4 protein chains.
Amino acid sequence: MVIVMKPGCQDSEISEVSKALESLGLGVHISRGMERTIIGVIGDKRLLNDIPIELMPGVEKTVPIVESYKLASKTFKPEPSIIDVKGVKIGGKELVIMAGPCAIESREQIFEAAMAVKKSGAQFLRGGAFKPRTSPYAFQGLEEEGLKLLKEAKEAAGLLAISEVTSERAVEIADLYVDMFQIGARNVQNFQLLREVGRSMKPVLLKRGPSTTIDEWLNAAEYIMNEGNYNVVLCERGIRTFETATRNTLDISAVPVIKNSSHLPIIVDPSHAAGKSQYILSLSKAAIAAGSDGLIIEVHPNPRCALSDAAQQITPGDFDILCRDISRIAEIVGREFTHGG
Amino acid sequence: MVIVMKPGCQDSEISEVSKALESLGLGVHISRGMERTIIGVIGDKRLLNDIPIELMPGVEKTVPIVESYKLASKTFKPEPSIIDVKGVKIGGKELVIMAGPCAIESREQIFEAAMAVKKSGAQFLRGGAFKPRTSPYAFQGLEEEGLKLLKEAKEAAGLLAISEVTSERAVEIADLYVDMFQIGARNVQNFQLLREVGRSMKPVLLKRGPSTTIDEWLNAAEYIMNEGNYNVVLCERGIRTFETATRNTLDISAVPVIKNSSHLPIIVDPSHAAGKSQYILSLSKAAIAAGSDGLIIEVHPNPRCALSDAAQQITPGDFDILCRDISRIAEIVGREFTHGG
Amino acid sequence: MVIVMKPGCQDSEISEVSKALESLGLGVHISRGMERTIIGVIGDKRLLNDIPIELMPGVEKTVPIVESYKLASKTFKPEPSIIDVKGVKIGGKELVIMAGPCAIESREQIFEAAMAVKKSGAQFLRGGAFKPRTSPYAFQGLEEEGLKLLKEAKEAAGLLAISEVTSERAVEIADLYVDMFQIGARNVQNFQLLREVGRSMKPVLLKRGPSTTIDEWLNAAEYIMNEGNYNVVLCERGIRTFETATRNTLDISAVPVIKNSSHLPIIVDPSHAAGKSQYILSLSKAAIAAGSDGLIIEVHPNPRCALSDAAQQITPGDFDILCRDISRIAEIVGREFTHGG
Amino acid sequence: MVIVMKPGCQDSEISEVSKALESLGLGVHISRGMERTIIGVIGDKRLLNDIPIELMPGVEKTVPIVESYKLASKTFKPEPSIIDVKGVKIGGKELVIMAGPCAIESREQIFEAAMAVKKSGAQFLRGGAFKPRTSPYAFQGLEEEGLKLLKEAKEAAGLLAISEVTSERAVEIADLYVDMFQIGARNVQNFQLLREVGRSMKPVLLKRGPSTTIDEWLNAAEYIMNEGNYNVVLCERGIRTFETATRNTLDISAVPVIKNSSHLPIIVDPSHAAGKSQYILSLSKAAIAAGSDGLIIEVHPNPRCALSDAAQQITPGDFDILCRDISRIAEIVGREFTHGG
């Protein structure tokens, strides 16, 4: 961290700041420029987390130099992490695709979805049981009943299961049925929940929030990792911008940016980013071409009858085309994916 | 709701849509334009919540005409609501000011803050016990111990108490100590938590999230009200934009917009919006001039020693000036506030 | 357009609005719902452009149903347009790549760049002569002298030339030297300039502005087309959001959205979107995978000596790798590009 | 400026960077931390404007310490500037109000507006003659004919005149008729135009663009000032965000932020920020309470007949109430404004 002093600050103010830093065991490096004096802080900047240096007399501002997260950073662990979920490796050479309906609606629906996505090559079955919905009047999910169906379907199809958890209670229940937890975009800074899944050791898919910076997102991962659970996979799903032609704006650059600053794997969710089924194939191909480690896609046997987010779910037929195209792009970017399982 | 058909859609597609609507008990009104045919839907649009009209053949898009919330809307209740918290009325002629430290740190600190803000005229003591922090390495709050201190301090000073709740467990605990719950910006779409405070009947201050539209914010209020708790006060605290000169961008227009579309009271939090103490007086005056029903301000007996958000907390001296200025602007906008209690 | 009346509006107000519309030769369709009465307007909505229907008594708001541009829309011309620039076809099966330095700096630099990008397969040489820079103290370009060098270099290499125009005077000068005009992001709503290039009939590359919606962008294209120049190619180059890890946020979804709503070709500029050379290869591949008709890339023989935007220019060596990768992705998405010319 | 070296960089890389800086006459200060080595640059950082330090081997990034503008900064001139326009002082104790129609439409209209706004206390008559409109099919202004009417009306009423200029030609023409130029939001980075008004010495009202940061805005002012014209007044008019309840989001915090970082006066335009007449009174009061030096308001004798932006223009009656309220708030914030002239 660099501390920038105000123009014309007193020498006594500079030495006050230096003393405060040294009393914390931090090193100090003073550099007097033409317009400003700056103080470089040497040592573990987390010691400064709760010390309001910016309020000391003569201080104009502080400027962070290193990232605020540690365990999630590439500085901490330069080589990429591979997250192993019961044998399926996320972040390795093989691309991982998670697919299934937005919400689990019935045994028939989830079984049909499971068989279809397995057939095209997906490794994970997704399906929502605890649904956070903007309006209280919308369908809220089947909860535990849904998770039971999810587990039966994934076992029948030979897939792994992932589902969103929205509260401590949901974590406890879902723990019995799923192979991987999903933290949804609205809960990316629900720190209580992050700690909860951090204590469980089960792999976690951590979606970015619609207004979460990459720095905040990696700090959210840090909450989980700080509890001892290093099995975190990131998921870019679009950010909120002024553009309304799509539901959110897919931040495709997040893929290379994350690869540059973190060792954690990253996959892309084009369904929530676009919000419209006609854009999903195009965005899926873009994600893989950009270097994503996989995709999570909403697939419904009959989108027109879906009870939530119908407009963004694709049919098994379209999903099969998507998997075929992805398998071909995979090769060109040095990855693998087997269309048709 | 209006359904817009694609250019060149078939008559059979139009009649399919009409039939689907009529089967739900909705009325239908078809209007054939030069470029598009549109279908007006007559009846309770919530019947359509889970029916994907947009996926029916020939449909281009649907356009909402009325707001998606009901209980929070001015259409539902045209006259402004006044929320009575043990005799202090929020939304009435008198302005309400909530003040106190970001986090409760010690008995001495919270008592000193309580006495100071009472002296200047505040009606509520605020203080965080469950602190959601971006980094897991930052101070996380005193939890129940803090709430006990808050209760003692507010009773000693003759104030009411408000504190943030971040989980179901926090709601249970805080219920014993505070007069009003606060839902923080990061939890505005934590629907489980919204329902929980909705069931409690205790008044709720609902902060807007950094990327929450006004429409989504009122839907979040709807979650609370739908459980039977109508004692909701909204709090504008800045939204996330590209501008970084302030921590967030205070959306001052939210004050007249809410007054135009909802009956719920609205107060403003300039501390989190600005993130810097030197802008708080200016923004507080702006908020009251714009028609806000009150303010929530971070005040710390000694900001330089604060354990969190030090840069945005003001001193009791500056808070007293703020209260004096507010009392004078109050008159001009037809409100009242007694500086000095 | 649909006109939404206020709840409880008078019958007389409805008939006033109807009369106003009919007096303009527009048809009227009234639909009385449970909560609102709405009036559908039938006919050319541009007749309403300057009539403030929203201010008539009883009117709550107006809701547009069809897009506000005409010549640029797919409704007007359903099949994709192919823009022919002296034999190079933009929007056809072959991908088009424009490459070269941010700014033309010297004869040696632009010749070296021209030979290099030609060798890798680019069809256009780009190079700025009129440089809009945020700070007045930064290098502002060689102007006409630069354009002369650009022309010599492109002819020597057998390329076409494109360069940005920033004023009417720049249009006049550049007209003598370049094969295609570029309108930069900052000028996307400089309507005077749009009309000027609209009158010239020379092909125009129209960059999206950092805060331009897709709707506004197509309206900007409409300004050019309305003067009779239909040779417009769109260029997505990132929008401004809260994320600062990249210079702008590349809106990759703009590619399929434009393909869905307009017949104009679209290419992508990853250099300005990312602002950092290490992300350009990844974003270029994503753009082509998403369906872009081409790319415009900043390539400098020696980026470390560049006089502007050094951080986002890549070397000829990296550009060659990019062209090779693009040629391979091209096949998979049904396009063509010959690496190595 | 501070240069941050990559973790594990070579000593030779550090000395390469140092040499490059020293060769430019800049001082160098090296500070070796636990995680990074940083290099402080001492001297005029503008020497580095076109040197791509970020591309040198071993460099991770550069971090600016002082603002990028100079003439517009408070460091350069600590005391507030007062801009004198023919005796009316902007930035002094007296608030300045500019008012009039969005566009000049007819002699009758502009005279009626002039008399009305003068009567309520405004010092400037505003009226657009060169209208930048999103759609090419909307009314584009009366151009020189309009400016003649503006001049006649302002002289008859005893006001000063301000009007927007959109091109070099418009500057030449408007110079004959107006007392102050306005640079509109869309042209805030039209650097050619900024230089043009910079050379004219006539006072300039510089609107912020919808996606312009405060830093970029002050750099735009720098373009004008760098030509020798220091008579610049800033105007906040709303920024583009995800919220659509208002046309733009008024960034009220820009008022205290500008007061903190620049000596230039700032006024507020609530009309374009809100886009809806019913919010203008509220936002005007907020602006003055926040410390704005004045307002620019759209007033039309008969908004329902306006040819552009009808929804955001207020009537002379409402403007009179606004001026009365402003005069009362002025006193409380230590300013003056005489309602009724």
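**Close-up 1. Strand 12 and strand 13 of chain A pair in the parallel sense over three bridges.** Strand 13 covers residues 266-268, and within the pairing Cys235(A) stands opposite Ile267(A). Strands count as paired if DSSP finds at least two bridges between them; the elements themselves are DSSP runs numbered from the N terminus, helices being H or I of at least four residues and strands E of at least two. Together with helix 7 (residues 254-261), these two strands of chain A make a right-handed β-α-β unit. Right-handed here says that, with the strands pointing away from the viewer, the path from the first strand over the helix to the second runs clockwise. A note for all views: this is a predicted model, in which local features need pLDDT of at least 70, side-chain atom pairs count only at pLDDT 80 or more, and totals for chains, interfaces and linings use all residues. Residues are numbered from 1 along each chain as its sequence is written, while chains are lettered from A and ligands numbered from 1 in the order in which they are written.

**Close-up 2. Strand 11 of chain A runs parallel to strand 12 of chain A.** Four bridges join strand 11 (residues 204-207) to strand 12, and Leu206(A) has Leu234(A) as its bridge partner. Here too you can trace a right-handed β-α-β unit, made by strand 11, helix 6 (residues 214-226) and strand 12 of chain A.

**Close-up 3. Strand 12 of chain A is covered on both faces.** Val232(A), Leu234(A) and Glu236(A) lie on one side, Val233(A) and Cys235(A) on the other, and all are buried (20 or more other C-beta atoms within 10 Å of the residue's own, with C-beta atoms placed from the backbone). Five of the five residues of this strand (residues 232-236) are buried, so strand 12 of chain A is largely enclosed by the rest of the structure.

**Close-up 4. Chain A meets chain B through 39 residues on each side.** Contact is counted when C-beta atoms, placed from the backbone, lie within 7 Å. Helix 5 (191-200) and helix 6 of chain A are the elements that give two or more residues to the side of chain A that touches chain B. Helix 6 gives the most, with five residues.

**Close-up 5. Chain A can be laid on chain C by a turn of 180°.** The RMSD is 0.1 Å and the shift along the axis 0.0 Å, after least-squares superposition on the C-alpha atoms of residues with pLDDT of at least 70 in both copies. That is the relation of a two-fold axis. In chain A, the C-alpha nearest the axis belongs to Ala286(A), 2.0 Å from it.

Methods:
Buried ≥ 20, exposed ≤ 12 C-beta atoms within 10 Å, placed from the backbone. Contact = placed C-beta atoms within 7 Å.
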